[in-house]
Amino acid sequence: MQFAFTDEQEEFRAATRRFLQEKSPTTEVRRLMETSEGYDADTWRQLSDQLALPGIHIAEQYGGGGFGMVEMCIVTEEMGRALLCAPYFSTAVLATNAILNAGTDAQKANVLPDLASGKRLATLAVTELNGQWNPHAIELVATPDGNGFRLQGTKSYVVDGHVADLLVVAGRIGGTSGDDGLALFTVRADASGVERRLLPSMDPTRKLARVDFRGVHADLLGSGTDGAKALTRTLDQAAVALANEMVGGAQTLFDSAVNYTKLRVQFGRTIGSFQAIKHKCADMLLEMELAKSAAYYAAQAAAAEDPEWPALACLAKASASEMYLHLAIETIQIHGGIGFTWDNDTHLWFKRAKSSEVFLGEPYYHRELLMQRWGV
Amino acid sequence: MSKMNEADVRAEVRAWLAANWDPEMSLVAWRNELVDSGWGMPQWPEKWHGRGLPVGLVRAVEEEFANVGAVGVARSGVRLLAAATLLEHGTDRQKEKYLRRILTGEDTWCQLFSEPGSGSDLAGATTRADLHGDFWLINGQKVWTTSAHHANYGLLLARTDWDAPKHEGMSYFVIEIRQPGVDVQPLKQMNGHASFNQVFFTDAQVPTDSLVGRVGEGWKIAMTTLAHERRGADGLNVPTRKGARAGRMYEEERRELETANQPYKWYPQRAGRVDLILDRAKETGANKDLHIRQEIAKLMILAKSAEWTARRARAAQQQGRPQGPEGSLGKLAASHVARACARVHTLMTGTDALLSGPESPRNGIIAEILISVPAISIAGGTDEIQRNIISERVLDLPKEPRFDTGPFRNVRRN
Ligand SMILES: Cc1cc2nc3c(=O)[nH]c(=O)nc-3n(C[C@H](O)[C@H](O)[C@H](O)COP(=O)(O)OP(=O)(O)OC[C@H]3O[C@@H](n4cnc5c(N)ncnc54)[C@H](O)[C@@H]3O)c2cc1C
């Protein structure tokens, strides 16, 4: 197992970071979170054309960069750090991986080049009104119909569901339960019977939509209705990517907290000279580095197809969620009153931390899944 | 320096072991060969029993040793802290005299730093060393000294100048423990063991050539020892031996470890025995309780993350990058792990946690874990001191205000 990034990976990270620093200052985050699209088309085009980020982990034969999980996680970490508002997680992490995991060669060749080039946006619709990320909770019904399927049901909390051109939808054959009869389908967002609505959300930097499917025509992804494996694998990959996004975001919070303690003067000294604050910072650093280690390790394990990686995905997700939120809370605390104002940037990351805690399943859920996967 | 590659190193070690390893040799004879070969401490300089190998390749050597079950150099106790300090600051004569016997395990060492009046504030030491011709005369008292009762040598921090500022008036010595004027008294711990001691000095003698570094450099040199102590406490495990274990040498090594580890008998518990947790959960049926499952998962996440963080620090070193913050966080992490582990053990053990001795779970091991854990966050520098180090040296936050400047003579103390 690798415990350090290679020089090439470090260079890739540096280039990505430079780009994001320039394109995603907090003024831009604040502007985009107020829009309903939630992203800037020019920036998206540039990050696709100049850095080829959406296809970083797609094989070259399908128009991608031919890299893997580690590189994808470097991207999400840096995006988390810059809080970039863009449909990357939905298109590149969720939808692309679902297609890579479940699709036939022909389907991949057909769809992936457009996603890799950033020309089209996509997302994965898993959760329904009950908000559960466990695939067993899926109720949306898929009924065979001529050369395809018809979907009936509602998906909710679909990231970027309102702007995606292509929806990858998890559904099940009527009358099945558990892992049985689960399958992934592709649906054009403009197909008749699809109705999408942007949901007002607590974290306006990550847009969520509700999507109704009323007898919509859909194509089966792959060749059978044994999609549970591909879906689970996709969600595990997403958990690893999200863990890395979270440690990136936490680093920004931490840096801002430490900087502030060196500037703010009370009682005739900088607050960073008070041991209560110094020790808080030391503890925050420890917590962050531990979660970072888990996120990096999970990414390496997934890239290496280590048999334990699905368990480690849960470990990393649970660890990063708790750490991120705690760091956000402590960062506000260290900023004092100003930390609770709209003008201070901390709340942008605080809200992302809060939404990341729940997105893809809460820490409680992932710890339980970890234990099951470890056979305890 | 040419770039050494891991495969070459492994091949070379394997060949050397194939030609030399023999479990029927005597332990000391084998260790002497090992010291001559440089494979016992491959990261040390060639002049001093090593091979000048980059730190990152050491693990490969250790794994090759583990694969054939070969015994390594002596490592337990304060030995390697002494070695690291002497390597950096000792004279050639001192290195010659001490290093080999440290590695062969013939000498045991202890660390005479803490005093009743100065633990965290080590620079407040008042044990004195006064020069009388060829000797320094030592007077004063040390405390909590692990292993002093079976050590041949001690690393001694003593005050040599009372008019210099606190940190500049101390010097660093190697002192022979078994000599007149050194009185070692066992000190009973809250867990019932007596692995540490009080050590009283009454006109004990230290020859002038046992001064390490120069007079007044004691604090600077002590920092070397402490840095190695913290790193050693980061909770990384050495690979376990796989090969066959029959042979005269194993028997001798077992006896050596028994003595050396006697003070640490309860110390296997130092990390709270995370390794037992999953087994114990099944054994006690605690794995069926949803609440306990959550607590176990939290603990395992913490312990695994701490292990990977230590590995990241090492990997960064291997690549020649600065260690990054991971390095100094290890000891604090280990302390969190130990506490969390004790909590989960109690949760799983339930009322049986009230028992100790043969009737208690796992024949007393669990009880020992539960009552030994407080040591981890105190020994080798408390959690608070680690946080000070992290915030001041890693995060560059302002230093604590000082009230102990000027001549040490005038500084307020216990
Ligand atoms: C099992 C064990 C083995 C040991 N082995 C050895 C050994 O072999 N050799 C040896 O020399 N010593 C040894 N020690 C001693 C150990 O290093 C000291 O006990 C430790 O450094 C703490 O010092 P103290 O006990 O004087 O506590 P104090 O320094 O009196 O600390 C009391 C409390 O005050 C806090 N505190 C002190 N200063 C600060 C500060 N600046 N900021 C914030 N909080 C502060 C501490 O964290 C602690 O909570 C051992 C101790 C134990 C428990």
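Not counting residues up to four places away in sequence, A:His366 touches A:Ala239, A:Cys314, A:Lys317, A:Ala318, A:Leu360 and A:Gly361.

Before going on, some ground rules. This is a predicted model, where local features need pLDDT of at least 70 and side-chain atom pairs count only at pLDDT 80 or more, while totals for chains, interfaces and linings use all residues. Residues are numbered from 1 along each chain as its sequence is written, chains are lettered from A and ligands numbered from 1 in the order in which they are written, and side-chain values use heavy atoms, with hydrogens and water left out.

Back to our histidine. A:His366 is found in helix H11 of chain A, residues 363-373; helices here are DSSP runs of H or I with at least four residues, strands are runs of E with at least two, and both are numbered from the N terminus. Is A:His366 buried or exposed? A:His366 counts as buried because its relative accessibility is 5%. For that word, buried means under 20% relative accessible area, exposed means over 50%, and partly exposed is in between, with a 1.4 Å probe and protein chains only. A polar atom of the A:His366 side chain also lies 2.9 Å from the backbone oxygen of A:Leu360.

Now look over at chain B, at B:Gln179. This residue is found in the loop between strand E5 (170-176) and strand E6 (182-187) of chain B. B:Gln179 counts as buried because its relative accessibility is 18%. Its side chain has a polar atom 2.8 Å from the backbone oxygen of B:Glu176. Leaving aside residues up to four places away in sequence, B:Gln179 touches B:Ala204 and B:Gln205.

Next, the cores. A nonpolar core is a set of buried Ala, Val, Leu, Ile, Met, Phe, Trp, Tyr and Cys residues joined through side-chain atoms within 4.5 Å. The largest one has 137 residues, and A:Tyr88, A:Phe89, A:Leu184 and B:Ile296 touch the most other members. Helix H7 of chain A, residues 228-263, gives this core its largest share, 18 residues. Take A:Phe89: among the residues that it touches, not counting those up to four places away in sequence, are A:Leu94, A:Ala238, A:Leu242 and A:Phe359.

On to salt bridges. A salt bridge here is a side-chain nitrogen of Lys or Arg within 4 Å of a carboxyl oxygen of Asp or Glu. By this rule there are 60 salt bridges over all chains. One of them joins A:Asp345 and A:Arg30, at 3.0 Å from N to O. That pair links distant parts of the chain, 315 residues apart: A:Asp345 sits in the loop between helix H9 (309-335) and helix H10 (346-358) of chain A, and A:Arg30 in helix H2 (residues 26-33) of chain A. A:Asp345 is partly exposed, at 25% relative accessible area, while A:Arg30 is buried, at 18%.

Another pair is A:Lys292 with A:Glu289, at 3.4 Å from N to O. Both lie in helix H8 of chain A (residues 275-303), three residues apart, about one turn of the helix. A:Lys292 is buried at 7% relative accessible area, and A:Glu289 is buried at 3%. There is also a network of salt bridges linking A:Glu10, A:Arg13, A:Arg17, A:Glu77, A:Glu78 and A:Arg81.

Finally, where the two chains meet. How many residues does each chain bring to the contact? Chain B gives 43 residues and chain A gives 42 residues. The buried area, meaning the accessible area (1.4 Å probe) that two parts lose on being put together, summed over both, is about 3700 Å² between chain B and chain A, with 66% of it from carbon and sulfur atoms. On the chain B side, B:Arg293, B:Trp308 and B:Arg312 lose the most area to chain A, together 19% of what that side buries.

Five salt bridges run between chain B and chain A. In one of them, A:Lys278 meets B:Glu392, with the closest N and O atoms 2.6 Å apart. On the side of chain B that touches chain A, the elements giving two or more residues are helices H8 (274-284), H9 (290-318), H10 (326-349) and H12 (383-394) of chain B. Of these, H9(B) gives the most, with 17 residues.

Methods: Contact = heavy atoms within 4.5 Å. Polar contact = N/O pair within 3.5 Å; in protein donor to acceptor, adjacent residues only side chain to side chain.
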